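Here's a walk through a fold, taken one piece at a time. Keep the 3D view open while you read.

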Amino acid sequence: MADLASLTKQEGKVPPGLKSNFDVDFVVHYKIPLPATERAEAEAAFIQLIQALADVGFATEVRNGGKSSLLVFVKIASNKLLTSQVYRYRVQDWLYGVRTAAPNQDLTKYFDDEPVTEAERLRLAYLLITKAKNEGGAGITPRVGQWKYVASVFPLHDHGFNRSWIKQWSTKYYLDDADLNQIRDKFGERVAFYFAFLQSYFAFLLFPAVFGLGAWLVLGQFSWFYAVVNSLWSVVFFEHWKTKEVDLAVQWGVRGVSKIQHPRPQFEFEREAQDPVTGEIVKVYSPFKRLARQLLQVPFALACVVILGGLIVSCFAIEIFITEVYTGPFKQYLTFLPTVLLTIFMPTLSTLLTKLAERLTAIENYETQDAHQASFVQKIFVLNFITSYSPIFLTAFIYVPFGKILVPYLDVFQLTAQKFTTEGKPLPTKDWEMNPDRLTKQVIYFTVTAQIVNFATEVIVPYVKRKVFKAVEDVQTEIAEKKNGEDRGPKDVPDEAEFLSRVRNEAQLDEYDVTVDYREMVIQFGEQLLRHSLLQSRETKQPADKKTGYLSLFSVIWPLTACSFLVNNWIEARSDAMKIAISSQRPIPWRADSIGPWLNALGFLSWLGSITSAALVFLFNRGGGHEAGESHPNGSPWNISGWALLLSIIFAEHLYLVVQIVVRNVVAKLDSPGLQKERAERFAMRKQVLEQTFGDQHVQEESSGPGMTGGEKITREALEEEAREASRSVSGTGSPEQM
């Protein structure tokens, strides 16, 4: 494992163990169980592991992996095996329409024209390790069945590339196509698509940052114009990214690669049947049983709402009572109580519900990895939607319009706390008044503070934790050695010591999951839409005598909303690169032709933004039917016109759908480089096939049409000679007009 210091060192000062991977393709981390009763089983499974790898063409070397583990270094034994695998999968791509032309059968010339990338080599090597034996692979699935002692199968980091990668990105403001191509060649298209999406989102944030500042300065109070433009921005970005996906997929040669789905080893079939299309024998699982299990997503979503929503609502109510009603002793300390409760219970409950989501997805029993992942993403999106958006929705749609009838019920906290006071005296309280700074503080937290906290928990905390745990482990090993009088550490050859130390560290790292990073960006996109509306609504929510002070405050906060996301996303791209380079195992370079199920999540949040914007405009701008002189909800819901609110939401939704159709048609008419390249490749392929089928001369004759001669070359000299002949033929025999 590299660290921050090694990434910033000059080339000559880099430790030798980080300079080379000794041509290793993959490392199998094999755990040896401590109970003696399991040792025999583990040893037998280890022999089967080495034999399975050798049978499919891998050369292996075994080294000590530290405490109760072994490291199996795996490499494709022959270049002939690699080229045959590459050729086979490229032919498969052609048959599925991913490639427009079949690979050239002259392998030497073909691989000179289209060499094998590092990502392609590692991907095919991993498939060769994990594919079922009846499909030509070794059938090794970590932590499953007979391979339960295989902790992980991972490729080694290229630390030379990582060092130049981090150094280059830290000095660039904008990532270009060359940067994305680097990521694709090293880590595969799935990771490259994430960074491409992050960069497109970063570029599109420039407009709301500039327009938001101009709208604040020029328009003053909240206007429908801003709401329409904000919704239009979200639609344009969504449709632009769909086109951008196609361009990147064509450019990277993976258009339609999602049709080639890798089978899931954990799939359990009920019976085998003949495929009516291919005639092959396929494994079948009842779709009705899967549908019945998929329906469990409904109670799962309700459980998430009850458990997570109940925790958030409870902490929300406690916070309101302590900060806005309670005036007794220790108030300055009690204000941290809701934060402490959320910090303790929210991660625990989220982890339990995530494991439940994994279990539900597993019992749905999907045949392919892509279908399994898409179902899991849907459940994770529900979890994150609740945890990310509930506080803002509570403030905007519960606290502000319904505060006067809900706050009296908070007396339950006073009655509960009163039982623990001396002599049961009532707690000192005050009459509730709407807190005008509540939305402002929430926006500042989610816009700035939460991004900093997320960066710390995602990059800094794991790095520090690994350093501390490694130091503690070293101390424990040293104490044990002194106590027993012997060296229990692995005995390494001096030339391999630094390299093996690095590999052992990488084996302890977590697997990189790009789903986590996608989740952050998609949730931020939704927060971007919602926060824009909330910030604008705060301007008109206050009474007239306070509006001037808050206007000056929001003139600073409002531009920083989009600007803070610009800064955050610039840092996010670099921090994610750091996370891949030093905090995670090198990801398997899987292919992809889009961002997958997250595209549907983007569309949903874009649509939801139009509804929330309309509701907030109605509530905060014109007061929803409040008495004269009031232009904002005052905690009394009975003066809000429900039918007018519903009509405004329906109108906004239909307007959004109309705008989406218009933008989609306009974008479809704009020819993109990716589609042009695809059409050019298919035209060249058709032309080549036609020439090979009929011959060059026959094609020219056919193209000339009946009664016409093909192949005659028209030149200036031929035209002049023809004119002279015509002049001589009519000279002296015809009228001047004929001549």
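What follows goes from the overall picture to a sheet, then to some helices and a few single residues.

First, the ground rules. This is a predicted model, so local features need pLDDT of at least 70 and side-chain atom pairs count only at pLDDT 80 or more, while totals for chains, interfaces and linings use all residues. Residues are numbered from 1 along each chain as its sequence is written, and side-chain values use heavy atoms, with hydrogens and water left out.

Now the overall picture. Of its 739 residues, 43% are buried. Here buried means under 20% relative accessible area, exposed means over 50%, and partly exposed is in between, using a 1.4 Å probe and protein chains only. As for contacts (heavy atoms within 4.5 Å), take those in the protein with a separation of 6 or more: 77% of them are between residues 24 or more positions apart.

Let's look at a sheet. Four strands form an open sheet in the order β2-β3-β1-β4, with antiparallel pairing. β2 (58–64) and β4 sit at the edges with a single partner strand each, so one side of each has no neighbour in the sheet. From one strand to the next, the twist averages 20°. Two strands are said to pair if DSSP finds at least two bridges between them. In general, strands of a sheet pair through backbone hydrogen bonds, either parallel or antiparallel.

β2 pairs with strand β3 (residues 69–76) in the antiparallel sense over seven bridges, and N64 stands opposite L70 in β3. Strand β1 (residues 26–31) pairs with β4 over four bridges, again in the antiparallel sense, and here V28 is opposite V153 in β4.

D23, in the loop between α1 (4–8) and β1, has a positive phi of about 60° although it is not a glycine. Most residues other than glycine have a negative phi. D23 is exposed, with a relative accessible area of 57%. Another exposed residue is E43, at 51% relative accessibility, which lies in helix α2 (residues 36–55). E43 and P33 are 10 residues apart in sequence, and their C-alpha atoms are 9.8 Å apart.

The axes of α14 (residues 337–363) and α15 (residues 369–406) come within 9 Å and cross at roughly 155°. Axes here are lines fitted to C-alpha atoms, for helices over the stretch in contact, and angles run from 0 to 180 degrees between N-to-C directions. The two helices are therefore roughly antiparallel to each other; angles under 35 degrees count as roughly parallel, over 145 as roughly antiparallel, 65 to 115 as roughly perpendicular and the rest as oblique. Their crossing is right-handed, meaning the near helix is turned clockwise from the far one by less than a right angle. The residues of this contact divide into eight nonpolar, six polar and two charged.

In the loop between α14 and α15 sits N365, another residue other than glycine with a positive phi, near 60°. N365 is buried, at 5% relative accessibility.

Helix α12 (residues 297–325) also meets α15: the axes come within 10 Å and cross at roughly 30°. That makes α12 roughly parallel to α15, and this crossing is right-handed. The contact's residues divide into 15 nonpolar, seven polar and two charged. Among those α12 brings are F300, V305 and I312, while α15 supplies residues including V382, L383 and I386.

Last stop: L334, in helix α13 (residues 331–334). L334 is partly exposed, at 31% relative accessibility. Leaving aside residues up to four places away in sequence, L334 touches I322, Y326 and P329.

Note on methods:
Ala, Val, Leu, Ile, Met, Phe, Trp, Tyr, Cys and Pro count as nonpolar, Asp, Glu, Lys and Arg as charged, and the others, Gly among them, as polar.
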